[in-house]
Amino acid sequence: MNTSTDRIERQIHIKAPRSKVWRVLADAESFGNWFGVALKGKRFVAGEPCEGNITYPGYEHLLWQVVVERVEPERLLSFRWHPYAIDTEHDYSKEPLTLVQFELEETGDGTLLRLVESGFDKIPPERRMDAFRMNSKGWDAQMVNIDNYVAAH
């Protein structure tokens with residue numbers, strides 16, 4: 001178990017070819033479907049922002065915003081964002097962003113998806129642990145979500 005407070009690490013083995021997992025991960029609309037963000041008509045392009053309203057019940061008033069960092073087909077997708085940025089009265093623009101990286105590795109019977117979110121130690125102390133704790137729980141759920149989405153599509 002990772003005991004770092006700077007990074008969250010998760011992985012899941014998905015019983016599907018890497019190309020299929022990549023499409024579900026790197027196609028913004030598909031990503032939004034399993035992640036819970038309205039990204040119809042959006043694309044993930046390195047160096048560009050991407051945003052959409054959260055579709056998870058109770059959070060629909062929030063705007064999900066990322067800056068896509070890297071897109072390496074069938075291998076890596078990464079973006080930066082403000083973790084657990086749910087207080088509409090708080091200005092997060094001056095805070096550092098965390099880095100979210102998804103890496104894919106082909107296995108004999110599917111694809112290993114590794115997720116790392118790092119940079120929490122630079123988040124302001126008054127919200128660092130909440131952001132770490134909530135995103136940690138969130139990534140647990142999202143690993144199940146992507147696995148279920150791949151299986152159903």
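This is a predicted model: local features need pLDDT of at least 70, side-chain atom pairs count only at pLDDT 80 or more; totals for chains, interfaces and linings use all residues.
1. Helix α1 and helix α2. Helix α1 covers residues 18-26 and helix α2 covers residues 28-35, and their axes come within 5 Å of each other while crossing at roughly 80°. Because angles of 65 to 115 degrees count as roughly perpendicular, α1 and α2 are described as roughly perpendicular to each other. On the α1 side the contact is made by Arg23, Val24, Leu25 and Ala26, and on the α2 side by Ala28, Ser30, Phe31 and Trp34. Sorted by class, the residues of this contact are six nonpolar, one polar and one charged.

2. Helix α2 and helix α3. The axes of this pair come within 9 Å and cross at roughly 120°, and α2 and α3 are therefore oblique to each other. The crossing in which α2 passes α3 is right-handed. From α2, the residues Ser30, Asn33, Trp34 and Phe35 meet Trp139, Gln142, Asn145, Ile146 and Tyr149 of α3. Five nonpolar and four polar residues make up the contact of α2 with α3, and no charged residues take part. Ser30 and Trp34 of α2 are also among the residues that make the contact with α1.

3. Helix α1 and helix α3. Here the axes come within 10 Å and cross at roughly 120°, which makes α1 oblique to α3. The crossing of α1 and α3 is right-handed. Lys20, Val21, Val24 and Leu25 of α1 meet Ile146, Tyr149 and Val150 of α3, and by class this contact has six nonpolar residues, one charged residue and no polar residues. Ile146 and Tyr149 of α3 also meet residues of α2, while Val24 and Leu25 of α1 also belong to the contact with α2.

4. Volume and centre of the largest pocket. The largest pocket holds about 1000 Å³ of space. It is lined by 36 residues, and those closest to its centre are Ile54, Trp64, Trp81, Tyr84 and Ile86.

5. Elements and residue classes in the lining. Strands β2 (49-53), β3 (63-72) and β4 (76-81), together with helix α3 (125-152), each supply at least two residues of the lining of the largest pocket. The greatest contribution comes from α3, which gives eight residues to this lining. By class, the lining has 21 nonpolar, ten polar and five charged residues.

6. Helix α3 across these points.

Key
Residues are numbered from 1 along each chain as its sequence is written. Side-chain values use heavy atoms; hydrogens and water are left out. On a 1 Å grid over the protein atoms alone, a cavity is a set of points where a 1.4 Å probe fits but cannot get out, and a pocket is an open set with protein on both sides within 12 Å along at least five of seven lines; lining residues have an atom within 4 Å of a point. Grid points are joined across faces, edges and corners, and a volume is the space filled by probe spheres set on the points. Helices (H or I, at least four residues) and strands (E, at least two) are DSSP runs, numbered from the N terminus. Ala, Val, Leu, Ile, Met, Phe, Trp, Tyr, Cys and Pro count as nonpolar, Asp, Glu, Lys and Arg as charged, and the others, Gly among them, as polar. Axes are lines fitted to C-alpha atoms, for helices over the stretch in contact, and angles run from 0 to 180 degrees between N-to-C directions. Angles under 35 degrees count as roughly parallel, over 145 as roughly antiparallel, 65 to 115 as roughly perpendicular and the rest as oblique. Contact means heavy atoms within 4.5 Å. A crossing is left-handed if the near helix is turned anticlockwise from the far one by less than a right angle, and right-handed if clockwise.
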